[in-house]
Amino acid sequence: MMDALGAPQTLLLLGGTSDIAVAIARRYAANRPLKVILAARDTPRRTKVAAELSDVGCVVSEVDFDAHDTTGHEATIESCFADGDVDVAVVAFGVLGDPEQAWTNADAALELATVNYSAPVHVGVLLAARMKAQKHGTIVALSSVAGERVRRSNFVYGSTKAGMDGFYTGLGYALREHGVHVLVVRPGFVKSKMTEGLGAAPLSTTPDDVAELTVKAVKAKKTAIWAPPPFRLVMLVLKALPTPIFRLLPF
Ligand SMILES: NC(=O)c1ccc[n+]([C@@H]2O[C@H](COP(=O)([O-])OP(=O)(O)OC[C@H]3O[C@@H](n4cnc5c(N)ncnc54)[C@H](OP(=O)(O)O)[C@@H]3O)[C@@H](O)[C@H]2O)c1
């Protein structure tokens with residue numbers, strides 16, 4: 001259960017090595033020790049993250065999770081709940097891909113659609129069933145402003161985020177009466193491993209800042225946030241632009 005301060009005792013990170021997900025765990029750990037389940041591919045990066053979170057007082061367990069292994073997802077989610085309730089689950093895994101390759105190479109498009117849309121929907125349904133059964137919990141879905149209005153420059157990635165955003169928004173409506181909360185987080189450009197080597201965009205932010213906003217929003221039971229917050233207004237303006245202008249935007 002969440003403690004009196006609205007912080008989780010058990011945190012599940014699906015995509016447990018994501019810089020943003022790890023920053024969320026660190027943010028919670030700064031206030032109180034907690035149990036963190038790292039569901040991620042078995043890589044040196046996962047081992048390193050597990051050690052870092054242990055060093056800041058987390059009790060860490062590692063669970064194998066690959067977005068492609070859909071037949072294994074149910075067993076993975078079951079094992080994450082095997083030792084007790086999960087208070088907050090963060091759906092953080094995702095890939096950016098190369099935007100031009102993504103619409104000219106069918107396999108590259110399928111990779112984005114699978115990792116960013118099909119797998120999040122699959123694990124979302126499994127998480128929902130477990131949280132419904134325990135009658136409490138919060139699912140945090142890392143979406144993107146790229147999905148709010150899909151741009152020419154990265155429309156395959158944007159389309160996958162539009163789909164996963166719609167799914168988790170609807171899941172929040174469906175789970176409300178069951179005592180389960182869903183928060184959709186829409187960051188802009190975050191300086192993380194995913195964007196390494198790319199030129200920073202306007203209003204760029206950091207995993208720590210996204211984590212800070214996310215932790216506050218979980219506590220306040222918000223259903224959607226933008227990171228940084230001014231992106232909410234920026235997206236309102238962008239969504240209102242007529243298509244002949246919008247499709248020519250250089251970003
Ligand atoms: N960075 C940004 O600018 C930005 C902006 C908006 C939204 N987001 C979203 O935020 C989320 C986290 O991104 P991040 O910035 O923290 O990037 P990150 O550090 O690169 O994290 C990406 C995560 O996805 C995992 N992943 C990729 N393919 C996977 C697969 N097949 N199976 C399981 N896990 C897989 C990675 O695991 P491995 O360690 O095994 O590779 C890693 O944990 C993503 O969904 C991203 O789309 C990011």
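**View 1. Leu-203 is found in the loop that runs between strand E6 (180-187) and helix H7 (207-219).** In this predicted model, Leu-203 has a positive phi of about 60 degrees, although Leu-203 is not a glycine. Most residues other than glycine have a negative phi. With a relative accessible area of 35%, Leu-203 is partly exposed.

**View 2. Lys-221 is placed in the loop between H7 and E7.** Here too the residue is not a glycine, and yet the phi of Lys-221 is positive, at about 55 degrees. The relative accessibility of Lys-221 is 56%, and Lys-221 therefore counts as exposed, a word that applies over 50%.

**View 3. The peptide bond from Ala-227 to Pro-228 is cis.** Its omega is near -5 degrees, and Pro-228 itself has its place in the loop between strand E7 (224-227) and helix H8 (231-240). As a background to this view, most peptide bonds are trans.

**View 4. Trp-103 and Phe-155 form a tilted pair of aromatic rings.** A search of the whole structure finds three aromatic pairs. In the pair shown here, the ring centres of Trp-103 and Phe-155 are 6.1 Å apart and the planes stand at 40 degrees, so the pair is described as tilted. Because Trp-103 lies in helix H4 (residues 99-104) and Phe-155 in helix H6, the pair ties together parts that are 52 residues apart in sequence. A pair of aromatic rings is described in general by the distance of the centres and the angle of the planes.

**View 5. Trp-103, Val-150 and Phe-155 make a nonpolar surface patch of about 260 Å².** Val-150 comes from the loop between strand E5 (137-142) and helix H6 (155-175).

**View 6. The charged end of Arg-149 sits over the ring of Phe-246.** The distance from this charged end of Arg-149 to the centre of the Phe-246 ring is 3.9 Å.

**View 7. Helix H3 (residues 70-81) has buried residues that are covered by other elements of the structure.** The buried residues of helix H3 are Gly-72, His-73, Thr-76, Ile-77, Cys-80 and Phe-81.

Terms used
Residues are numbered from 1 along each chain as its sequence is written. This is a predicted model: local features need pLDDT of at least 70, side-chain atom pairs count only at pLDDT 80 or more; totals for chains, interfaces and linings use all residues. Side-chain values use heavy atoms; hydrogens and water are left out. Patches are made of residues with over 30% relative accessible area and no salt bridge: like charges are joined within 9 Å, nonpolar side chains (Val, Leu, Ile, Met, Phe, Trp, Tyr) within 5 Å. Accessible areas come from the Shrake-Rupley method with a 1.4 Å probe; for residues, only the protein chains shown count as cover. A salt bridge is a side-chain nitrogen of Lys or Arg within 4 Å of a carboxyl oxygen of Asp or Glu. Helices (H or I, at least four residues) and strands (E, at least two) are DSSP runs, numbered from the N terminus. Rings of Phe, Tyr and Trp (its six-membered ring) pair if their centres lie within 6.5 Å; planes under 30 degrees apart count as stacked, over 60 as edge-to-face and the rest as tilted. A charge sits over a ring if NZ of Lys or CZ of Arg is within 6 Å of the ring centre and within 35 degrees of the ring normal. Buried means under 20% relative accessible area, exposed over 50%, partly exposed in between (1.4 Å probe, protein chains only). Contact means heavy atoms within 4.5 Å.
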